[in-house]
Amino acid sequence: MHRRLRRQLEEALGQEESSPHLRKLLRRIDKEYRRADGERASLQHALALLSNLLKRQPDAERPRVVSPKARFVSRLFDQAPFAAVLCDADRKVTAWNTAAEQLFGIPHAEAVGRELSMLVFPDSDATRAQARTELRQALALGDTQQLVRETPTRSGQSRLCEWTVVPLHDGKGREVGNAALVRERDPLSDRYALAWQGAGDGIWDWDLAGDRLWLSDSWRAIVGMKGGGETPSEWLDRIHPADRDSVEKGIRAHVEGAAPRFESEHRLRHEDGSWRWVLARGQATRDPAGKALRLSGSMMDVTDPKLTTVRVLHDALTRLPNRAHFIDVLRRAFARVRRRQGGGIAVLVVDVDDFRSMNARLGHEGGDEILIQVVERLQTCLGEGDLLARLGADEFAVLLEDLSGSGAAEMVASRIHEAVARPFQVPTEEFSLTVSIGIASSAPAYTRVEDLLADAAAAMYRAKAQGRGHSAVFDAKMREYLGLQPPDVVLGVLQDVHWSDMSMGYFPTYALGNVVSVQLWERASADLGDLDEQFERGEFDPLREWLRENVHRHGRAFTPQELLQRADFVSVSCALTPQTRHLVGARELSLMKSGAILVNTARGPVVDEAALAGALTAGRIAGAALDVYEDEPRVHPGLLPLRQVVLAPHLGSAVVELRERMAHVVVDNIQAVIEGRRPPNLYNPEVYA
């Protein structure tokens, strides 16, 4: 029994015999206190039972003179820390405690005998009328009800209050009225709730002991629910079958104390049958012994790929971490290993064999469905703490941490091969797939995470060279196979670099893991001097020779078609000629990855804008950035409404320094003509007389 209640009962009753009815009532009160020891809901119920004693007054047990016991119960009612009100079956107030006087500013004498809803919400405006209706409905339902309403208070201002209405019964079980317990809501907690609701996030609260789950209206709105009960199945049964196990594991890990918080991104079934991606976060409330009593948190709808955090950190189709997010997590894991100087990590790069031909046959929707099924199977092969990410259209990466002993990464690769060997189902047919896997493990020789990822990719390409469905572990000999010498110049650069013998306008590169143009440019500038000035003079030969000497070429040159199929970014930089008009059209766009981005800073007609608008609208490529247009200044109307397109004026050169240099070039040319000299910057020297 609660200590304060025990002390007051001993003071009031001592060893005096009490009636069976009172003993039974006190046992019920004691049971309520023991059930939660101060939990507010139980305390409210206990007060309702005490208030019931005041109301019932059985003739056989209540003397005409008020006994010390009755005075004691009355004192408990009057000293309750929140407003307590009793009313009869007609909703007329029969008891009104001190806390009610303080909250509402209405004396006991004025309250008794008045109809409760009119007494508390007296005004005639629509809001107060609605509040009266809700309170009357709660009083009439016959079971315990809770509602939160703006309520007039003593100060003259309305405060957000929580009302709990408890029905009262006589000794024969007949309903004789209600007890209403009213408490002003904590304004700080309320501000948090308003902030969540304003942001569109759902709020949830899980009573673990009672296994009851409360969901806010904004939570239910995310999945299109109009109402529902308070069972955990309201949430759990809506989770996508492929996600439910991981969600339940995450909840269990936090409740049991194995994880500092609960966080899960998963799919929920909407009422319209679609799937919504949500991000749920929660924190447990624990007792002094550390046992979790409640789990409360928020849920955000992250289905829209335009949401900043999701766009930046996750792949839009699979919701897996993208390359940037994966490298960030890998960097932190890399640092932990170096600090511990123990354990180990490994990176697996997994590529779906011959996915492009299958994607061309099934179409993008069918190909996307296959990729989602591949992701689901890959997830089943990983342990807790392992990370799966999507690097490209058909390429994935796995981070394994805390590896114990050699061969652990190879075992995971073996499980992946077995998982994808089972046939895949699409609506029209059945498919068999294989994957190629490259493995690279951390070692003291690595100083950069990018090199570890690049070596795993190198091993994956070595596995592909062995045929479909193979794995390969990276070793130093692969550097020679891939042409990575000398290491001080192109370490980690896995690419073919080649150029046109006719001009510098064609300089494609295919890079895995690294963007290397900056590295090459800085090294070439250090060896050759100011490249900008050389380019202004039209001197390209020194750079060509430097590239031939310093960039170790490997294998054959890729064709433009192969480059389009492999590239993550396609940047167009060439002159406009009859041969380059619509150089990038519907055919070229169809060859590009679904996650690729096209950049045109050359001349507008080099790209067929109608074909580009069609490819973007259909989702065949991920995005585009243009600062030149086919029919300037007009922009193709199909591009204007698209959010995955960046459109800018052709003003990349509009900086003060460059405009000053341009002015000097103009003045130099004018001065040369005036002085009878050949202008130094002739565009068409063949017509100069």
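Where in the chain is the place of His-582? His-582 is found in the loop between β20 (569-572) and α24 (586-591), where helices (H or I, at least four residues) and strands (E, at least two) are DSSP runs numbered from the N terminus. This is a predicted model, in which local features need pLDDT of at least 70 and side-chain atom pairs count only at pLDDT 80 or more, while totals for chains, interfaces and linings use all residues. Residues are numbered from 1 along each chain as its sequence is written, and side-chain values use heavy atoms, with hydrogens and water left out.

**Overall make-up**

- The protein chain holds 26 helices and 23 strands.
- Of the 689 residues in the protein chain, 43% are buried, where buried means under 20% relative accessible area, exposed over 50%, and partly exposed in between (1.4 Å probe, protein chains only).
- The accessible surface of the protein chain comes to about 37100 Å², with 51% of it belonging to carbon and sulfur atoms; accessible areas come from the Shrake-Rupley method with a 1.4 Å probe, and for residues only the protein chains shown count as cover.
- Among contacts (heavy atoms within 4.5 Å) between residues at least 6 apart in sequence, 54% join residues at least 24 apart.

**Backbone geometry**

- Most residues other than glycine have a negative phi, and most peptide bonds are trans.
- His-582, although not a glycine, has a positive phi of about 55°, and this residue is partly exposed, with a relative accessible area of 32%.
- Asp-211, in the loop between β6 (202-207) and β7 (212-215), also has a positive phi, near 55°, and is partly exposed at a relative accessible area of 44%.
- The peptide bond from Glu-632 to Pro-633 is cis, with omega near 0°, and Pro-633 lies in the loop between β22 (623-626) and β23 (645-647).

**Aromatic rings and a charge over a ring**

- A search of the whole structure finds seven aromatic pairs, where rings of Phe, Tyr and Trp (its six-membered ring) pair if their centres lie within 6.5 Å, and planes under 30 degrees apart count as stacked, over 60 as edge-to-face and the rest as tilted.
- One of these is the edge-to-face pair of Trp-219 and Trp-235, at 6.2 Å centre to centre with 70° between the planes; this pair links distant parts of the chain, with Trp-219 in helix α10 and Trp-235 in helix α11, 16 residues apart, and both residues are buried.
- The rings of Trp-235 and Phe-262 have centres 6.3 Å apart and planes at 65°, so this pair is edge-to-face.
- Because Trp-235 lies in helix α11 and Phe-262 in strand β8 (residues 262-269), the pair ties together parts that are 27 residues apart in sequence, and both Trp-235 and Phe-262 are buried.
- Trp-96, Phe-104, Phe-121 and Trp-163 form one aromatic cluster.
- Arg-377 lies over the face of Phe-424, at 3.7 Å from the ring centre, the criterion being NZ of Lys or CZ of Arg within 6 Å of the ring centre and within 35 degrees of the ring normal.

**Surface positions**

- Lys-226, in the loop between α10 (217-222) and α11 (233-236), is exposed, with a relative accessible area of 86%.
- The C-alpha atoms of Lys-226 and Glu-271 are separated by 9.3 Å, although these residues are 45 residues apart along the chain.
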